[in-house]
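Please prepare a short briefing on the structure shown here, for someone who has not seen it before.

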Amino acid sequence: MGLIECSMPNHIKDVLFRDYQLISLSAFVHKDPDITSPNLIIQGNSSSGKTYTLKKFFEANPLLVNAWLEPIELVSWKPFMQAVVRSIQHKLRTLFPEVKYQEFDSLEVEEPFLLVKALDHIFSQYSSLPNGISFFLICDGFDRLQDLDAALFHKFIKFHELISPDTKIHLKLIYTIREMAFVEKYSSYCLPTIIFPSYNIEEVTDILVFTRAEDLIMSCALREKVIKEGIEECTDEEFLNVAVNYIKLIVQSFHSYTGNNIVALNDFIDFKWGAYAK
């Protein structure tokens, strides 16, 4: 199976206020393993758009081979390493069904050196591929792994030195990290890092209007109000203004409690809309 060139957009219409981060991703994330760093850190506070922007980037570049893991859902490092094996195996078997493949039992992976052994076993079976490819494994929220210690992350960022260099599958690890203090612990390794600054209140408002206004306009609560009041001559722009004004009201009313947390503000938008529409 050949992988053809794909364009690297510096702007994605569904991603607001993250043009610099998209340009940086385009520079660091490439299908050619020879010009792609083995490790990339994405750092930003909660609700800074890290995961959303990354997902939109990979959606816009479907030929970049990738798999996602959320360490926080796997609780500790052992099930996390086992999930790495399962995720990579599943993705490669889906992409290259023609390759004869012997399954590796992920439950055997109980230590980092066994993870290296497993990856060597998996990747060696794809030696017949015509070209080398980058395999991006996104560890979303790596610093939230409960029993994470300095030694474990050190082993992960060194995996590219331990796995056979002759393989056609080249593992590239992307870590989304919340705490800057975590990143600073490993500053001596000079790992490429893309910073996602927190949104300001104006940006948060624009994002919420962009992502939620249409949903509110099309909601049952608003339709019921229109029918009940017998409104027949309301324009699309007037409906839009209702939604936009409501979103701005929510931000103004609850920002002191939520800060720029888009997820929390979204919850308030959903919770209060029914009463507001009435």
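The points below are grouped by topic.

The model is predicted. Its protein chain has 278 residues, 45% of which count as buried. The chain holds 12 helices and 5 strands.

**Overall build**
- The C-alpha trace of the protein chain spans about 70 × 40 × 35 Å along its principal axes.
- Among contacts in the protein chain with a separation of 6 or more, 79% are between residues 24 or more positions apart.

**Surface and charge**
- About 14,600 Å² of the protein chain is accessible surface, and carbon and sulfur atoms account for 53% of that area.
- The protein chain carries 37 negative side chains and 26 positive ones.
- The centres of these two sets of charges lie 3 Å apart.

**The largest pocket**
- The largest pocket contains about 490 Å³ of space.
- This pocket is lined by 26 residues, and those closest to its centre are Ser47, Ser48, Gly49, Lys50 and Tyr52.
- Four elements each supply at least two lining residues: the helices α2 (50-60), α9 (201-217) and α12 (262-277), and the strand β4 (169-177).
- With 4 residues, α2 provides the largest share of the lining of the largest pocket.

Definitions and conventions. Residues are numbered from 1 along each chain as its sequence is written. This is a predicted model: local features need pLDDT of at least 70, side-chain atom pairs count only at pLDDT 80 or more; totals for chains, interfaces and linings use all residues. Side-chain values use heavy atoms; hydrogens and water are left out. Buried means under 20% relative accessible area, exposed over 50%, partly exposed in between (1.4 Å probe, protein chains only). Contact means heavy atoms within 4.5 Å. Accessible areas come from the Shrake-Rupley method with a 1.4 Å probe; for residues, only the protein chains shown count as cover. Lys and Arg count as positive and Asp and Glu as negative; His and the chain ends are not counted. The place of a charge is taken as NZ of Lys, CZ of Arg, CG of Asp or CD of Glu. On a 1 Å grid over the protein atoms alone, a cavity is a set of points where a 1.4 Å probe fits but cannot get out, and a pocket is an open set with protein on both sides within 12 Å along at least five of seven lines; lining residues have an atom within 4 Å of a point. Grid points are joined across faces, edges and corners, and a volume is the space filled by probe spheres set on the points.
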